[in-house]
Amino acid sequence: MVTINSYEEFAALKGKEIGTSEWLEVNQERINQFADATLDHQWIHIDTERAKEGPFGQTIVHGYLTLSLLPHMWGEIITVNNLKMMVNYGMDKMKFGQAVLSGSSLRLVASLHDIQNLRGICKAEVKFKIEIKDQRKPALEGIATFLYYFN
C-alpha cells in the first residue's frame, strides 16, 4: 500500500509502477447482482445451464463489471490523504483483452502514466491492467484519469 500526502509525493511516482492489488474472485452471485443493478441479463452472464453450450462452456463476467471493480482494487494499492475530494474524470485507450470466466480471480496492476497540476487540482493518469489469475492475456487495460483536490 502506497500512501500519498501531497501532489509532490504523487508526482515522484510518475513513470513507476505503484502497486498490485489482492486477487478478487468474481463469482456467479456477484455477476447476477451486477446484472440486476444494470438490467443487463444477457444469458451468457446469468444462465448457467445455457452457457454450458455457449462459446466459453460457462457464464462470463460482464466487461463493465470487470471495469467497475477498478475503484475497489485501486483502493487496495493507494491511499491519498489531505483531500477535499477525488473525482473519476475519464478513461482512455480502454480495451477488453479476453472474457473472464465466472469464478475467476482478478487483480489490478497500476502505474502512474502522467500527472499534472492544474491550478491546484492534481490530474493523475493511471495506466491499469486487470489481470486474470493463471491467464497470460489481461481482462482489461487502459488509462484511468482521476482528479485529486488536495487541501
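Which residues does Ile 130 touch, not counting residues up to four places away in sequence? Contact here means heavy atoms within 4.5 Å, and the list runs Thr 66, Met 73, Leu 106, Arg 107, Leu 108, Pro 138, Ala 139 and Leu 140.

Before going on, a word on what you're looking at: this is a predicted model, where local features need pLDDT of at least 70, side-chain atom pairs count only at pLDDT 80 or more, and totals for chains, interfaces and linings use all residues. Residues are numbered from 1 along each chain as its sequence is written, and side-chain values use heavy atoms, with hydrogens and water left out.

Ile 130 belongs to strand E7, which spans residues 121–132. Strands (E, at least two residues) are DSSP runs, numbered from the N terminus. Nine of the twelve residues in E7 are buried, meaning under 20% relative accessible area with a 1.4 Å probe and protein chains only. Ile 130 itself is buried because its relative accessible area is 0%.

Now for the neighbours of E7. Two strands pair if DSSP finds at least two bridges between them. Where the E6–E7 hairpin turns, with two residues between the strands, Arg 119 takes a positive phi near 50 degrees.

E7 also runs antiparallel to strand E8 (residues 140–150), this time with ten bridges. There, Leu 140 in E8 stands opposite Ile 130.

How values were computed. Buried means under 20% relative accessible area, exposed over 50%, partly exposed in between (1.4 Å probe, protein chains only). Helices (H or I, at least four residues) and strands (E, at least two) are DSSP runs, numbered from the N terminus.
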